[in-house]
Each structure stands twice: as C-alpha cells, then as structure tokens.
Amino acid sequence: MTTPQPPPKTGGGAVRDSFGDLPLLKQEGAGGWSNVAQANKPETINMKKQITVTVNGQAHTAEVEPRLLLVHLIRENLNMTGTHIGCDTSSCGACTILLDGKSVKSCTILAVQANGKSIATVEGMCAPGAPLSNLQEGFKENHGLHCGFCTPGMMMRATELLEMNPDPTEDEIRWGISGNLCRCTGYNNIVKAIQYASAKNRGVEPASTEPQFV
Amino acid sequence: MGHSMKRKEDARFLQGKGNYVDDVKLDGMLYMDIVRSPYAYAKITKIDSEAALKVPGVLAVVTGRDLETYGLHWMPTLMSDTQMVLPTDTVMYQAQEVAAVIATSRYAARDGREAVRVEYEPMKPVIDPFKALDPSAPVLRTDKPGKTDNHIWHWEVGDKDKTEAVFSTADVVVKEQMHIPRIHVASIETCGCVADYNKIDNHLTMYMTTQAPHAIRTVIALVAGHVGLTEEKVRVIAPDIGGGFGGKVPVYPGYVIAIAASFLIGKPVKWIEDRSENLQADSFARDYHITAEMAGTKEGKILATRFKVLADHGYTDASANPSKYPTGMFSIATGSYDYGATFMEADAIYTNKPPGGVAYRCSFRVTEAVHAIERMTDRFAFEVGKDPAQLRIENFIKKEDFPWHSPTGWIYDSGDYEAGLRKAMDAIDYEGLRKEQVEKRAEGKLMGIGISTFTEVVGAGPSKDFDILGIKMFDSAEIRVHPTGKAIARFGTKSQGQGHETTYAQIIAEELGIPAENIQIEEGDTDTAPYGLGTYASRSTPTAGAAAAVAARKLRDKARKIAAYLLEVSEDDLEWEPGKFFVKGAPEKAKTIQELVFAAYTNHPQGMEAGFETTHYYDPPNLTFPSGAYICVVDIDKETGEIKVRRFVAIDDCGNIINPMIVQGQVHGGLTQGIAPAMYEALVYDEDGNILNGTLMDYLVPTAVESPNWETGHTITPSPHHPIGAKGVGESPTVGAPPAIANAIVDALSPYGITHLDIPITPFKVWKALREKGVV
C-alpha cells in the first residue's frame with residue numbers, strides 16, 4: 001500500500017512562498033538587516049531521489065535529497081516525532097530505530113539507504129488506545145523513564161536485544177544497551193524494565209515492580 | 001502520600017507522543033543555524049555573507065551589527081552581568097555565536113552557515129585561571145568602563161579571626177588543593193526554541209527548552225520591551241523537556257537571536273543546537289579551584305575549616321544563582337558536623353572560556369562544597385588514624401540539636417545523620433569490608449571503602465533572602481475543581497522528567513481527597529500557569545509542592561463551610577477524613593468532597609463566592625536540608641589503574657516521601673550523575689582555549705556499563721516547616737556520590753601515602769599516582 005506524500009518541505013527544495021516576504025523585510029529593516037538574500041535568485045535543486053520505505057507496516061513514498069538523514073525523513077517528512085535526536089556523533093542512541101529488524105542509529109543513515117526497506121519506530125509498538133507492549137509496560141511499571149527523551153530509542157534497541165537474546169542476564173542487558181545514553185534514570189530501572197519484558201515475552205511472571213527502597 | 005503510583009505522564013512518552021521543542025512544527029517555519037568562533041579570543045575583521053546569501057533557501061544572515069541597530073546585541077545574565085547576543089567586534093570564547101543564518105530548511109541553514117566567511121585576528125587568550133589576575137594578563141572585559149583586571153567579585157563568610165585562632169593552636173591541620181572541574185549537564189535533549197512572532201497581533205509565542213518559563217518571559221520583556229515585546233505580548237511555552245539539570249535555566253544567545261529573527265521577518269524561526277554546539281557553548285557547571293583546610297584534635301574532633309575558592313566563570317558571570325549568593329549555597333561546606341569556626345572566601349574571575357556556572361543537578365554550588373568537606377573529613381580521619389565512619393559519628397550534629405545554627409548562618413531544619421550512616425554501614429556490612437580490606441592489603445591488592453555523609457540545602461527560597469533578578473523565589477499552585485469533582489492544577493514550576501504530573505496530583509489527592517487519577521497537572525505555559533520561578537535546585541517539592549498542599553487546604557476550608565451549610569451544623573461539629581466531612585459522633589451524616597464541590601456551583605450558601613478554585617503563592621519560611629549517607633567499595637587493578645565500583649549503598653533522607661518509586665528513581669539518576677564527574681566527565685581546554693573533548697564521542701557520559709547497580713534506601717526525618725514534611729531530593733545523590741567514590745579510591749591508595757586525587761579519577765590518574773610512589 002502506497003501513501004502518496006507531498007514534496008518534503010525540508011531539503012534543498014525551498015519553500016518558495018517565504019521569499020515573498022523579503023522585499024517587505026528589506027523595507028522594514030531600514031537600518032536593519034544588512035545581509036538579505038536576493039529575492040529573485042535562481043534556485044538550484046539538489047537532485048532528488050524517489051524512495052519508498054515501509055514504516056510500521058505502512059508504505060511511504062518520498063522525494064528526498066540524497067543527503068537527507070533517515071531520522072529527518074522520519075521526523076520531518078513523515079511527521080513521526082517519537083524518534084529523537086540527541087547527538088551528532090552516533091553516540092547517544094536517541095534516534096535508534098529498527099531497519100529490517102536491526103537496531104540502527106537513524107542519524108547515521110541516509111534516507112536513500114533505507115529505500116525499499118522496512119522501518120519500525122516507537123509509534124509502531126502499540127496502536128493508539130491499544131494495550132502497551134510488554135516493553136512499554138515494563139518501562140512504565142518499573143519507572144524506566146524520567147524525561148522520556150531517550151526512551152523510544154532505548155526501547156527499540158531493547159526490542160532487538162530481546163529478539164537476539166530472549167532471556168538476557170543483567171550484564172548482557174547493560175552491555176546490550178550501552179550504545180544508548182540515558183541521563184536521568186541511572187539505568188537500574190531500565191534494566192528492570194527489560195527484564196520485565198523478557199519475562200512476559202517468555203510467559204514467566206515478572207519480578208516485583210515495587211521499588212527496593214527501604 | 002507514600003504510594004508508588006505509576007506515572008501519569010508515561011503514556012505519551014512510551015508511545016512516541018511526547019511534545020518536545022524540536023517536535024513543534026508551524027506553518028511557514030524557518031530554520032536558524034549559527035556560525036561560531038573557532039578562536040577563544042579574536043577580533044572580527046570581516047563577516048562576508050555574500051556566498052551564504054547565494055545558497056538556495058538562505059534568507060538572511062544576522063550579525064551583531066544588525067542586532068545593534070535594535071539594541072539587541074547585549075543581554076543581561078541572571079547574575080546581573082552582561083553577555084553578547086552576537087559580537088560586533090570581538091569574540092571571547094571558542095564556539096561563541098558570531099552570526100546566524102536564517103533559511104527555509106534545516107539543511108539550507110547549515111549550508112549557509114558553512115558559506116559565511118569570517119575573518120579574525122586571533123589574540124592570546126586567558127585560559128589558566130591562576131594567571132588571569134596577573135598584571136600582565138590582558139583585561140578581557142573592555143566593554144566594562146574602567147575595568148582594569150579580570151576580577152569579577154570577592155565573597156566571604158564566617159569568622160576569619162576566630163578560625164585563624166583555632167587553626168593556630170590546633171593539634172592537627174590538614175590541607176589539600178582540589179579542582180572541581182568544568183563539566184556539562186549533557187541532557188539528552190539539547191537546547192532550542194521556536195520563536196513565533198505574529199506581526200498582526202504584535203505577539204510572541206516562544207516555545208523553548210526552559211526550566212523557568214515565567215522568569216524567562218520577564219527576561220525577554222526586559223531585553224526586548226523597548227522594541228515592543230512587553231510582557232503581556234510574550235507567551236513562553238516550555239513543552240516536554242528532555243532533561244534539564246540546570247542547563248536550561250539561563251537565557252542563551254541563540255534564543256534571543258531566534259526571537260530577533262522572527263520579530264523582523266514575521267515568521268516562526270526554529271533553532272535547535274546540535275550536540276557538539278551544546279557541549280562547546282553552553283550549559284557548563286563547576287570549575288572551582290578550592291584550597292581546603294581542616295583543623296582538629298589528635299583524638300579526631302573537628303574544630304574548624306577554611307576554604308578559599310578561585311571560581312573560573314569564563315567570559316561572563318552567567319551563573320544561575322540567587323542574586324545575594326554569588327557562590328550559591330557553597331557556604332553549606334561546614335557539612336554535617338558540629339563545630340563552630342569556619343571561614344570561606346571566593347574570588348571569581350573572567351577567562352576566555354564559555355560562560356559557566358549552571359548547576360548540573362545541584363542546588364547552586366552545593367556539590368563543590370560537599371566535595372570539599374567530605375574529602376577533608378576523610379583526609380583528617382586518615383591523619384589522626386581514625387576510622388572515617390567512627391570519626392563522622394563522633395562529629396555529627398546530633399538529632400536533638402536541630403534546628404541547628406551553622407557557623408555560616410544556615411538553620412538546618414532537621415536531620416538524623418547517625419541513623420542514616422548506621423543504616424548504610426549495616427546494609428553494606430562495613431565491619432566485614434574493613435576486615436576484608438586488611439586481608440586484601442596483606443596480599444598487595446587495592447581495595448577501598450569511601451563514605452560521604454552530606455547535608456544538602458535545597459528549596460530556594462525564603463523571599464527575605466532569595467531572588468533572581470529581583471524576583472522573589474516563591475512558587476505557586478492554582479487548583480480548579482470542576483463541578484463534577486475532577487480537577488486541573490497548574491504550577492509555576494516545570495518538570496524535565498521529575499514526574500510532577502504524578503507527585504503534585506498525589507499531594508492534592510492527599511489533602512483534598514480527590515483521587516490523583518482525577519487531577520490533571522499542567523505546567524510550562526505562562527499564559528495559563530501562575531507565576532513561579534521554575535524547577536531547579538531541588539525546589540519543586542519544597543516550594544510548589546508546598547503551595548499545592550496549602551492551596552488544597554484553603555479549598556478544604558471552603559468545603560467545610562459548604563458542608564456545615566448542607567448538613568445544618570456548625571463548622572466545629574464537622575470532622576474531616578480524606579474525601580469527606582462528617583458530623584462528629586454521627587458518621588452517617590456526611591458529605592463527600594465531590595458533593596461539596598458540586599454544591600459550590602449549584603447550591604452554595606448565600607453570600608459565599610461561587611466556584612471551587614484557588615491559587616497560592618508559597619513563600620517558604622526556610623530551606624529544606626536533606627541528607628544522605630553513602631558508602632562505596634572499589635577494587636583497583638594496580639597494574640592498569642582500572643577502578644571497579646564493586647558496591648554502592650545510598651541511604652537518603654528527604655523527609656516525608658510522596659512517591660517512593662519516583663524518589664528512588666531520582667536517587668538512581670542522581671547517583672549516575674555523581675559517578676560521572678567522579679570518574680569520567682571533565683571538559684578540557686588547551687592553552688589556546690580549544691576545547692579538546694567537545695563531542696559525545698569524547699565527553700564520557702556514563703552508559704549502563706559504567707553505571708553500577710545502585711543499592712538505595714532511606715531514613716525519614718520530616719521537615720518541620722514544610723506543610724507535608726517533605727524535602728527536595730533530586731540532586732542529593734549527585735552532590736553526595738562524588739566524594740564517596742573519591743574517598744574510596746583514595747582509601748585504596750592510602751597505604752602508599754596518596755592523600756588526594758582530583759576528580760575525575762581516571763585509571764591513568766591512578767596509575768600515574770602509583771607510579772610516582774614507586775608502586776608500579
């Protein structure tokens with residue numbers, strides 16, 4: 001199923017109507033802006049590529065600049081803002097998604113590299129109004145999130161971790177999420193959240209979620 | 001109260017529906033990127049925008065000269081210093097904003113940034129703070145008329161003569177020079193905004209990563225009121241915030257440039273700094289050089305302390321401190337111990353580094369203070385040959401001595417330090433560990449045990465002493481209960497992950513008997529929330545949490561009047577139990593809070609004001625003084641210096657606990673932000689002012705692997721003055737953990753005569769120290 005998309009508003013293809021304001025801007029900026037772009041300059045369009053990606057089971061076609069990062073395609077062209085950006089060096093993992101089932105940092109992949117591939121993001125973990133998935137429930141029950149900014153990436157990484165290793169040890173979980181930074185929780189409860197999901201996935205009763213704070 | 005209610009805010013975060021600033025997308029929105037200085041100190045000789053303006057999508061390049069036309073090129077800092085928005089002549093630190101590019105897309109703005117050509121004449125910067133006051137050092141703030149050196153201010157507290165007298169006669173005096181280095185909050189969300197100026201209505205809506213939206217609105221009006229952005233024309237919205245830790249308290253130049261750009265263009269302008277910009281240009285904390293001394297008896301009684309601080313503020317004093325406290329709460333450095341003589345002084349200086357002095361999960365310099373006192377307590381115990389736990393117990397302020405008047409003027413509200421320490425010692429088997437340590441040392445192995453028993457000072461603060469830019473540091477709660485008995489409550493604070501939507505609802509539920517599930521909490525929109533000073537310095541529960549309780553009690557008083565009217569009894573004949581009033585001795589004659597609220601809209605007594613809502617501005621009578629006892633065990637590989645944190649037990653006392661799950665979560669997170677500066681994080685500059693680790697690849701934020709499995713617990717000593725007996729807690733562990741870790745490492749190395757290592761204590765530092773002692 002293909003959903004036609006309007007041309008993306010990001011990328012070299014500029015939003016033309018913005019230029020209309022410039023003469024006005026110049027007038028109002030009497031003594032103001034010294035450096036204003038020429039309103040009528042030619043615009044060179046960076047050669048765009050058409051790509052099709054399947055996101056959470058739904059196909060999307062988009063015209064994108066070759067340099068567009070996958071995370072920007074997801075967030076800005078497809079308006080799925082659950083995937084976050086926390087760094088510019090692939091160090092933090094806030095932008096982690098699943099690309100054909102593998103967890104990847106979507107800030108380090110070009111949108112064109114995802115052409116024809118299947119993407120899973122946090123928005124696909126459960127439908128609005130549906131019960132939370134085991135991982136989401138694990139994070140909620142164990143207080144595995146504070147500000148929520150790292151959480152989507154953390155959960156996408158944990159999804160693959162549990163697929164590869166359904167019953168990981170604490171050490172395996174800690175190493176398994178070591179590409180994802182969290183600044184709020186101190187990780188204890190993220191580990192517990194993943195253990196909770198692991199147990200539920202395997203049909204085992206999860207450990208108590210009561211805080212050990214006596 | 002006391003119930004681990006699951007968080008109300010989690011649903012949206014878990015389903016990718018949080019609304020952070022970078023998620024805001026408005027019609028016609030433009031994007032801003034910032035050209036930054038490669039030099040720490042240089043004259044700008046030319047800014048050539050020609051090539052940038054030819055980049056497709058680029059609309060304008062904004063320079064300091066452009067802002068100067070509108071008088072917007074300078075702004076005040078929260079400490080009443082001044083800071084450039086964009087420079088007209090000189091750059092003062094590496095990564096300083098030089099020009100801004102406005103474009104139709106994020107990518108075009110970045111292309112434009114790369115095309116701006118700036119010519120500089122580099123100058124020799126002042127980087128070493130110890131050389132900043134040399135007569136030969138260049139005077140950096142030439143913008144300040146008459147400024148002849150790089151000194152900002154001198155501060156002192158305590159009794160100098162009395163302290164000197166004690167030091168001159170004491171059996172034992174110990175002294176260490178320590179550096180608490182510059183670190184970065186590194187919240188996973190960086191800073192940013194969408195400035196949306198509407199020319200028709202002359203109105204600015206500012207979506208912004210801010211911990212203090214109301215104060216920011218006032219600052220914007222102060223900076224830009226002269227161009228028409230007066231305070232009623234400004235609405236600041238702090239949507240969901242991806243971590244703050246103090247980094248989102250100040251006003252950074254990027255926000256102001258975005259406002260200026262939107263104001264002049266009449267379109268929304270988004271600015272989101274990338275991580276490297278964030279790490280290089282803003283949100284810096286600490287950078288205190290401390291000479292610390294302790295005097296005492298040979299039996300181990302602490303008699304006096306003396307602290308001399310050199311505070312490196314970078315280019316401007318942009319700390320986020322209450323204005324009467326240039327060193328923040330540093331004067332808590334007398335610690336948890338009962339002695340009467342102290343003298344503390346600090347001198348702040350300018351250097352060619354970015355503005356520093358935000359908090360990094362800390363109540364205004366408490367971390368620096370606690371590190372100094374807790375390190376020196378261990379140092380003193382080592383000197384007199386006494387177990388550091390025993391020495392602490394013998395020196396603690398006793399629980400019956402509260403409220404306790406500290407020699408620097410604080411009135412500690414409550415505490416039971418010995419109970420906390422004994423609980424931590426039992427939990428970790430302190431005696432057993434000391435025995436094991438003796439055996440390990442006999443085998444030549446390095447094992448260390450470190451203690452920190454700290455007192456925090458949080459919840460600023462009483463209006464007689466506490467203000468920021470003159471605005472008193474009260475906070476507020478407004479509660480509106482709808483006719484059907486469900487409520488919305490709004491606050492002057494702003495959660496950045498602390499769980500306010502849950503804990504505030506729990507406080508109101510406790511006081512008013514309306515289930516927490518039926519209480520909606522809102523913060524962060526200055527058009528709807530009552531004025532308050534925001535969330536930092538562990539102040540939300542001490543101030544706005546107290547406001548919630550008092551406001552709920554005001555409403556309960558109204559409910560009592562309505563109940564008396566409906567039940568036809570006098571108010572004195574009524575008794576309250578959570579959720580209803582009933583007639584004394586006749587519990588079947590009762591009205592639930594929902595019935596009473598409904599009556600407030602449908603059947604209220606004649607002469608009574610209709611409705612069921614109120615607002616309270618809470619001015620705390622004192623700060624709250626949470627405390628903690630932390631014990632850390634480390635094993636160190638002698639050959640490599642590798643440090644393994646084997647166990648870490650944290651016993652916190654934050655008074656009465658509203659939600660144990662959230663308090664424990666705050667403690668976990670704070671502890672990881674404690675191990676971070678203790679072992680991993682520090683920003684390093686070379687002599688030319690180049691930052692050497694300005695990306696997340698080499699600024700070492702701990703992962704789940706470096707972060708130990710924290711073992712936590714609590715004692716409860718209620719605050720006597722807080723309406724529900726609670727104290728702040730979010731920052732205690734960040735404050736208390738570093739000295740516990742440092743003390744453990746130094747304890748492991750102490751057989752070789754090593755008495756101090758500066759944080760972050762890295763394997764290399766350990767190895768080097770051992771090598772200098774001839775051990776490896």
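How many bridges join strand β2 (residues 42–48) of chain B to β6(B)?

**Conventions**

This is a predicted model, in which local features need pLDDT of at least 70, side-chain atom pairs count only at pLDDT 80 or more, and totals for chains, interfaces and linings use all residues. Residues are numbered from 1 along each chain as its sequence is written, chains are lettered from A and ligands numbered from 1 in the order in which they are written, and side-chain values use heavy atoms, with hydrogens and water left out.

**Stop 1: the interface of chains A and B**

Select both chains and display the residues in contact (heavy atoms within 4.5 Å). On chain A there are 79 such residues, facing 91 residues of chain B. The size of an interface is often given as the accessible area lost when the parts come together. Here the buried area (accessible area, 1.4 Å probe, that two parts lose on being put together, summed over both) is about 7000 Å², with carbon and sulfur atoms giving 56%.

Next, display the charged pairs across the interface. Six salt bridges are counted between chain A and chain B, a salt bridge being a side-chain nitrogen of Lys or Arg within 4 Å of a carboxyl oxygen of Asp or Glu. One to select is Arg67(A) with Asp111(B), whose closest N and O atoms are 2.7 Å apart. Polar contacts (pairs of N or O atoms within 3.5 Å; within protein, one must be able to donate a hydrogen and the other to accept it, and residues adjacent in sequence count only if both atoms are side-chain atoms) link 34 residue pairs between the two chains, both residues being at pLDDT 80 or more.

The elements giving two or more residues to the side that touches chain B are α1 (22–28), α2 (70–77), α3 (134–141), α4 (151–164), α5 (170–176) and α6 (188–201) of chain A. The largest share, four residues, comes from α3(A).

**Stop 2: the five-stranded sheet of chain B**

Strands of a sheet pair through backbone hydrogen bonds, either parallel or antiparallel. In this model, two strands pair if DSSP finds at least two bridges between them. Select the open sheet of five strands in the order β9-β19-β18-β17-β10 (chain B), where the pairing is mixed. Because β9 (151–158) and β10 (172–180) of chain B stand at the edges with a single partner strand each, one side of each is left without a neighbour in the sheet. From one strand to the next, the twist averages 10 degrees.

Within this sheet, β17 (residues 288–296) and β18 (residues 302–312) of chain B run antiparallel and are joined by nine bridges. Select Gly296(B) to find its bridge partner in β18(B), Ile302(B). Axes are lines fitted to C-alpha atoms, for helices over the stretch in contact, and angles run from 0 to 180 degrees between N-to-C directions.

**Stop 3: the three-stranded sheet of chain B**

Move to the open sheet in the order β6-β2-β8 (chain B), with antiparallel pairing. Two bridges join β2(B) to β6(B). One pair to select is Ala42(B) and its partner in β6(B), Val91(B).

**Stop 4: a salt bridge within chain B**

Over all chains, 65 salt bridges are counted. Select Arg110(B) and Asp274(B), where the closest N and O atoms are 3.0 Å apart. Arg110(B) lies in helix α4 (residues 106–115) and Asp274(B) in the loop between β15 (269–272) and α8 (275–281) of chain B, so the pair ties together parts that are 164 residues apart in sequence.

**Stop 5: backbone geometry**

Most residues other than glycine have a negative phi, and most peptide bonds are trans. The peptide bond from Phe402(B) to Pro403(B) is cis, with omega near -5 degrees; Pro403(B) lies in the loop between α10 (388–395) and β20 (404–405) of chain B.
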